[in-house]
Amino acid sequence: MLKIYDDSSKTLHEICDNVSLPLSKEDEVVLLKMLDYLKKSQDEEYAEKHHMRSGVGLAAPQIGIKKRMFVIYYQDENNEIIQYALVNPKIIANSTKLCALEGGEGCLSVNEDKKGFVYRYYKITMKAFDLLKNKEITFTATGYKAIVLQHELDHLNGILYYDRINKNNPFERKNNSELI
Ligand SMILES: [Zn+2]
(Lines give C-alpha, C1' and ligand atoms only; values in the text may rest on other atoms or scores of the structure.)
Protein backbone atom coordinates (compact mmCIF):
# COMPACT_ATOMS: atom_id res chain seq x y z
CA MET A 1 0.00 0.00 0.00
CA LEU A 2 1.26 3.46 -0.87
CA LYS A 3 2.00 5.88 1.94
CA ILE A 4 0.28 9.21 1.37
CA TYR A 5 2.18 12.20 2.75
CA ASP A 6 0.24 15.07 4.24
CA ASP A 7 0.87 18.77 3.87
CA SER A 8 3.45 18.79 6.68
CA SER A 9 5.77 17.10 4.15
CA LYS A 10 8.30 19.36 2.42
CA THR A 11 7.83 17.61 -0.94
CA LEU A 12 4.26 18.90 -1.11
CA HIS A 13 5.50 22.49 -1.18
CA GLU A 14 8.24 22.08 -3.78
CA ILE A 15 8.38 22.30 -7.54
CA CYS A 16 8.73 18.81 -9.00
CA ASP A 17 11.26 17.78 -11.64
CA ASN A 18 10.52 16.95 -15.26
CA VAL A 19 10.44 13.26 -16.06
CA SER A 20 12.63 11.91 -18.84
CA LEU A 21 10.94 10.13 -21.71
CA PRO A 22 10.68 7.37 -22.75
CA LEU A 23 9.36 6.53 -19.33
CA SER A 24 11.52 4.25 -17.19
CA LYS A 25 10.06 0.96 -16.01
CA GLU A 26 10.30 2.34 -12.48
CA ASP A 27 8.19 5.41 -13.28
CA GLU A 28 5.65 3.23 -15.12
CA VAL A 29 5.27 1.01 -12.06
CA VAL A 30 4.83 4.03 -9.79
CA LEU A 31 2.07 5.49 -12.00
CA LEU A 32 0.21 2.19 -12.20
CA LYS A 33 0.44 1.77 -8.43
CA MET A 34 -0.96 5.27 -7.98
CA LEU A 35 -3.85 4.48 -10.34
CA ASP A 36 -4.53 1.25 -8.47
CA TYR A 37 -4.56 3.21 -5.21
CA LEU A 38 -7.29 5.55 -6.50
CA LYS A 39 -9.42 2.65 -7.74
CA LYS A 40 -9.15 0.91 -4.37
CA SER A 41 -9.88 4.15 -2.51
CA GLN A 42 -13.24 4.28 -4.33
CA ASP A 43 -14.16 0.74 -3.27
CA GLU A 44 -16.05 1.52 -0.07
CA GLU A 45 -15.48 -1.81 1.63
CA TYR A 46 -11.78 -1.97 0.78
CA ALA A 47 -11.20 1.67 1.69
CA GLU A 48 -12.88 1.32 5.06
CA LYS A 49 -10.90 -1.80 5.89
CA HIS A 50 -7.60 -0.09 5.00
CA HIS A 51 -8.51 3.35 6.40
CA MET A 52 -8.21 5.03 3.01
CA ARG A 53 -9.94 8.24 2.03
CA SER A 54 -11.62 8.21 -1.35
CA GLY A 55 -9.77 10.23 -4.01
CA VAL A 56 -10.13 11.02 -7.72
CA GLY A 57 -6.57 12.23 -8.29
CA LEU A 58 -3.10 11.57 -6.93
CA ALA A 59 0.18 13.29 -7.74
CA ALA A 60 3.67 11.80 -7.32
CA PRO A 61 4.76 14.31 -4.59
CA GLN A 62 1.87 13.03 -2.46
CA ILE A 63 3.69 9.71 -2.22
CA GLY A 64 7.02 11.44 -1.66
CA ILE A 65 8.25 11.40 -5.27
CA LYS A 66 9.31 14.80 -6.61
CA LYS A 67 8.41 14.14 -10.25
CA ARG A 68 5.99 15.78 -12.66
CA MET A 69 3.41 13.03 -12.92
CA PHE A 70 -0.11 12.37 -11.66
CA VAL A 71 -3.05 10.05 -12.13
CA ILE A 72 -6.78 10.66 -12.27
CA TYR A 73 -9.54 8.09 -11.97
CA TYR A 74 -13.28 8.59 -11.53
CA GLN A 75 -16.64 7.86 -13.08
CA ASP A 76 -18.41 10.90 -14.50
CA GLU A 77 -22.15 11.67 -14.45
CA ASN A 78 -22.61 9.62 -17.65
CA ASN A 79 -20.92 6.64 -15.98
CA GLU A 80 -17.92 7.08 -18.22
CA ILE A 81 -14.58 6.17 -16.62
CA ILE A 82 -12.21 9.15 -16.76
CA GLN A 83 -8.64 7.99 -16.31
CA TYR A 84 -5.20 9.37 -17.07
CA ALA A 85 -1.62 8.67 -16.02
CA LEU A 86 0.08 11.88 -17.11
CA VAL A 87 3.75 12.80 -17.30
CA ASN A 88 5.09 16.36 -17.74
CA PRO A 89 1.59 17.86 -18.17
CA LYS A 90 1.21 21.45 -19.37
CA ILE A 91 -1.75 23.75 -19.87
CA ILE A 92 -1.36 25.09 -23.40
CA ALA A 93 -4.61 27.08 -23.53
CA ASN A 94 -7.24 28.22 -21.05
CA SER A 95 -10.55 30.08 -20.90
CA THR A 96 -10.88 33.45 -19.21
CA LYS A 97 -14.04 32.09 -17.58
CA LEU A 98 -13.39 30.59 -14.15
CA CYS A 99 -15.18 27.99 -12.11
CA ALA A 100 -15.12 26.57 -8.60
CA LEU A 101 -16.72 23.67 -6.81
CA GLU A 102 -19.67 24.89 -4.77
CA GLY A 103 -18.74 22.56 -1.90
CA GLY A 104 -15.02 23.37 -2.07
CA GLU A 105 -12.16 21.00 -2.84
CA GLY A 106 -10.55 18.23 -0.84
CA CYS A 107 -7.19 16.53 -1.00
CA LEU A 108 -5.76 13.22 0.21
CA SER A 109 -2.83 15.21 1.65
CA VAL A 110 -4.98 17.69 3.57
CA ASN A 111 -6.48 15.93 6.55
CA GLU A 112 -9.03 18.55 7.46
CA ASP A 113 -11.08 20.12 4.66
CA LYS A 114 -10.52 23.86 4.27
CA LYS A 115 -13.66 25.78 3.34
CA GLY A 116 -13.86 28.28 0.52
CA PHE A 117 -14.01 28.61 -3.25
CA VAL A 118 -10.98 27.53 -5.26
CA TYR A 119 -11.22 29.37 -8.58
CA ARG A 120 -9.76 27.64 -11.60
CA TYR A 121 -10.03 27.94 -15.37
CA TYR A 122 -13.38 26.65 -16.60
CA LYS A 123 -11.78 25.17 -19.69
CA ILE A 124 -8.23 24.06 -20.37
CA THR A 125 -6.28 22.35 -23.10
CA MET A 126 -3.62 20.07 -21.68
CA LYS A 127 -0.66 18.42 -23.33
CA ALA A 128 1.12 15.49 -21.66
CA PHE A 129 2.49 12.02 -22.14
CA ASP A 130 -0.23 9.56 -21.08
CA LEU A 131 1.02 6.15 -19.98
CA LEU A 132 -2.47 4.67 -20.48
CA LYS A 133 -2.32 5.54 -24.18
CA ASN A 134 1.44 5.24 -24.31
CA LYS A 135 1.78 8.46 -26.31
CA GLU A 136 1.71 12.22 -26.06
CA ILE A 137 -1.84 13.54 -26.02
CA THR A 138 -3.47 16.95 -26.26
CA PHE A 139 -7.01 17.21 -24.93
CA THR A 140 -9.56 19.71 -23.73
CA ALA A 141 -11.42 19.54 -20.43
CA THR A 142 -14.18 21.67 -18.91
CA GLY A 143 -15.86 22.03 -15.52
CA TYR A 144 -15.20 19.32 -12.95
CA LYS A 145 -12.65 17.51 -15.10
CA ALA A 146 -10.72 20.74 -15.68
CA ILE A 147 -10.77 21.39 -11.92
CA VAL A 148 -9.38 17.94 -11.08
CA LEU A 149 -6.60 18.31 -13.67
CA GLN A 150 -5.62 21.76 -12.36
CA HIS A 151 -5.67 20.54 -8.74
CA GLU A 152 -3.22 17.76 -9.65
CA LEU A 153 -1.05 20.04 -11.81
CA ASP A 154 -0.81 22.42 -8.84
CA HIS A 155 0.70 19.60 -6.77
CA LEU A 156 3.60 19.45 -9.25
CA ASN A 157 4.27 23.12 -8.50
CA GLY A 158 4.03 22.78 -4.72
CA ILE A 159 0.63 24.47 -4.55
CA LEU A 160 -2.19 23.12 -2.39
CA TYR A 161 -5.82 23.96 -3.04
CA TYR A 162 -6.15 26.06 0.11
CA ASP A 163 -3.31 28.30 -1.12
CA ARG A 164 -5.86 29.51 -3.70
CA ILE A 165 -8.66 30.34 -1.23
CA ASN A 166 -9.04 34.06 -0.53
CA LYS A 167 -8.21 34.23 3.18
CA ASN A 168 -10.09 37.47 3.77
CA ASN A 169 -13.16 36.36 1.82
CA PRO A 170 -13.18 32.59 1.26
CA PHE A 171 -16.59 32.60 -0.45
CA GLU A 172 -16.05 35.61 -2.69
CA ARG A 173 -17.93 35.50 -5.99
CA LYS A 174 -15.75 36.41 -8.94
CA ASN A 175 -17.01 37.90 -12.17
CA ASN A 176 -17.11 35.61 -15.17
CA SER A 177 -17.16 32.50 -13.01
CA GLU A 178 -19.47 29.60 -12.43
CA LEU A 179 -20.01 27.46 -9.34
CA ILE A 180 -20.40 23.81 -10.19
ZN1 LIG B 1 -4.53 17.06 -3.76
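1. Strands β6 and β7 form a hairpin with 4 residues between them, and Asn134 in the turn has a positive phi of about 55°. Strands here are DSSP runs of E of at least two residues, and helices are runs of H or I of at least four, numbered from the N terminus. The two strands run antiparallel and are joined by 8 bridges; strands count as paired if DSSP finds at least two bridges between them. Within this pairing, Ile124 stands opposite Ala141 in β7, and Lys123 has Thr142 of β7 as its bridge partner.

2. The model is predicted: local features need pLDDT of at least 70, side-chain atom pairs count only at pLDDT 80 or more, and totals for chains, interfaces and linings use all residues. Residues are numbered from 1 along each chain as its sequence is written.

3. Strand β7 covers residues 135-142 and includes Lys135. Is Lys135 buried or exposed? Lys135 counts as exposed because it has 8 C-beta neighbours inside 10 Å. The cut-offs are 20 or more other C-beta atoms within 10 Å of a residue's own for buried and 12 or fewer for exposed, with partly exposed in between; C-beta atoms are placed from the backbone. The C-alpha atom of Lys135 is separated by 10.0 Å from that of Leu86, 49 residues apart along the chain.

4. Strand β4 (residues 98-100) pairs with β5 in the antiparallel sense over 2 bridges, and Leu98 has Tyr121 in β5 as its bridge partner.

5. The largest nonpolar core holds 40 residues, of which Leu58, Phe70, Val71, Ile72 and Leu149 touch the most other members. Such a core is a set of buried Ala, Val, Leu, Ile, Met, Phe, Trp, Tyr and Cys residues joined through C-beta atoms within 7 Å. Helix α3 gives the most to this core, with 6 residues. Ile72 touches residues including Ile82, Val148 and Leu149, not counting residues up to four places away in sequence; contact requires C-beta atoms, placed from the backbone, within 7 Å.

6. Helix α3 is mostly covered, with 10 of its 14 residues buried; among them are Ala146, Ile147, Val148 and Leu149. At 1.5 Å a residue, the helix should span 20 Å, and its end C-alpha atoms are 21 Å apart, which agrees. The expected span is 1.5 Å times one less than the number of residues. Gly158, whose phi is positive, near 70°, follows α3.

How values were computed: Two residues are in contact if their C-beta atoms, placed from the backbone, lie within 7 Å.
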